[in-house]
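Colleague: I am new to this structure. Please show me how to read its features.

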Amino acid sequence: AFDPEKARALLGAAGYPVLRVGDGRRAEGFPAVELLFNGEDGAHRSVAVAIQDMWRRELGVTVTLRAEEWKVMLANVRSGQFQIARGGWVADFNHPHTFLDTFRSTSPQNATGWSDRDFDALIERASQAPDPQESLRLYHLAERRALAEAPRIPLFFSTGATLVKPWVKGFHGNGQGLDLVRWMWIDPEWRAHPDDDPASTPLELPPMGRLAGP
C-alpha cells in the first residue's frame with residue numbers, strides 16, 4: 001500500500017528525519033542517490049522520472065537519473081557500478097522458483113550484492129521437497145525473507161490485452177503470452193457452438209513442488 005508517512009518514519013528511525021521545508025520536504029543528512037536505467041526515452045524513463053518525483057515530494061530525497069544503452073548498463077550492473085538500477089524479469093515457467101531463484105547468492109541474475117544463507121537454504125529445501133504443499137510453504141517463507149530484506153523494490157507487474165474474434169476457438173491465454181495456433185481453430189458455426197475446446201491437447205504442467213530430477 002502507498003504509505004508515505006510510514007516511509008518518512010522509517011527514514012527518521014534510520015537517522016534521516018524528514019523535515020518540512022517551505023512547500024516541500026528534506027531528508028536531513030540523506031545523500032543524493034543515483035538511479036540507473038536503460039534507454040533515453042520510453043517507459044523506463046517515465047518510471048524513473050516518476051520515482052524521482054515521488055521520492056523528492058514525499059521523502060525529501062534527491063534522485064539523479066542516469067540513462068545508458070542496454071549493453072553498457074548491463075556491464076555496469078554486473079560490475080556493481082551503480083547505486084540503484086532498474087531491472088525486470090519475466091517468468092520462464094509457471095513456478096515461484098523462476099523468480100525467487102534470482103535472489104540466491106550464487107545466481108548469475110543476482111547483481112544486488114545481497115546474500116542470505118537462510119534464504120539460500122529455504123530455496124534449496126523448497127526445490128527438493130517431494131510434497132507440493134510443503135514445497136510451496138517453503139517458497140512462501142523464502143519470498144517473505146527476500147521482501148523483508150528488500151534487495152529489490154517491487155514496482156509493478158506488466159499486463160497485456162488480447163483481442164480474439166468469437167469464431168476463433170481454442171484460445172487459452174498464458175502468463176508468457178505465447179499462444180500456439182495449433183491449439184486454435186475457426187468455427188464457422190460459432191454462434192451455435194458454445195464449446196471452446198482446443199484443437200489439440202495442451203501440454204499438462206506438473207504440479208508445483210520439487211524441481212530436481214530423480
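Modeller: Start with burial: buried means under 20% relative accessible area, exposed over 50%, and partly exposed in between (1.4 Å probe, protein chains only). Arg104, with a relative accessible area of 22%, is therefore partly exposed. Asp101 counts as buried because its relative accessibility is 18%.

The model is predicted: local features need pLDDT of at least 70, side-chain atom pairs count only at pLDDT 80 or more, and totals for chains, interfaces and linings use all residues. Residues are numbered from 1 along each chain as its sequence is written, and side-chain values use heavy atoms, with hydrogens and water left out.

Colleague: How many salt bridges are there?

Modeller: Side chains of opposite charge can pair when their charged atoms come close. A salt bridge here is a side-chain nitrogen of Lys or Arg within 4 Å of a carboxyl oxygen of Asp or Glu. The count comes to 13. One of them joins Asp101 to Arg104 at 2.3 Å, N to O.

Colleague: Which side chain does Glu58 meet in a salt bridge?

Modeller: That of Arg8, at 3.3 Å, N to O. Glu58 lies in helix H2 and Arg8 in helix H1 (residues 4–13), so the pair ties together parts 50 residues apart in sequence. Helices (H or I, at least four residues) are DSSP runs, numbered from the N terminus. Both Glu58 and Arg8 are buried.

Colleague: What about Asp53 and Arg56?

Modeller: Their side chains meet in a salt bridge of 2.6 Å, N to O. Both residues lie in helix H2, 3 residues apart, about one turn of the helix.

Terms used
Helix = DSSP H or I, 4+ residues; strand = E, 2+ residues; numbered from the N terminus.
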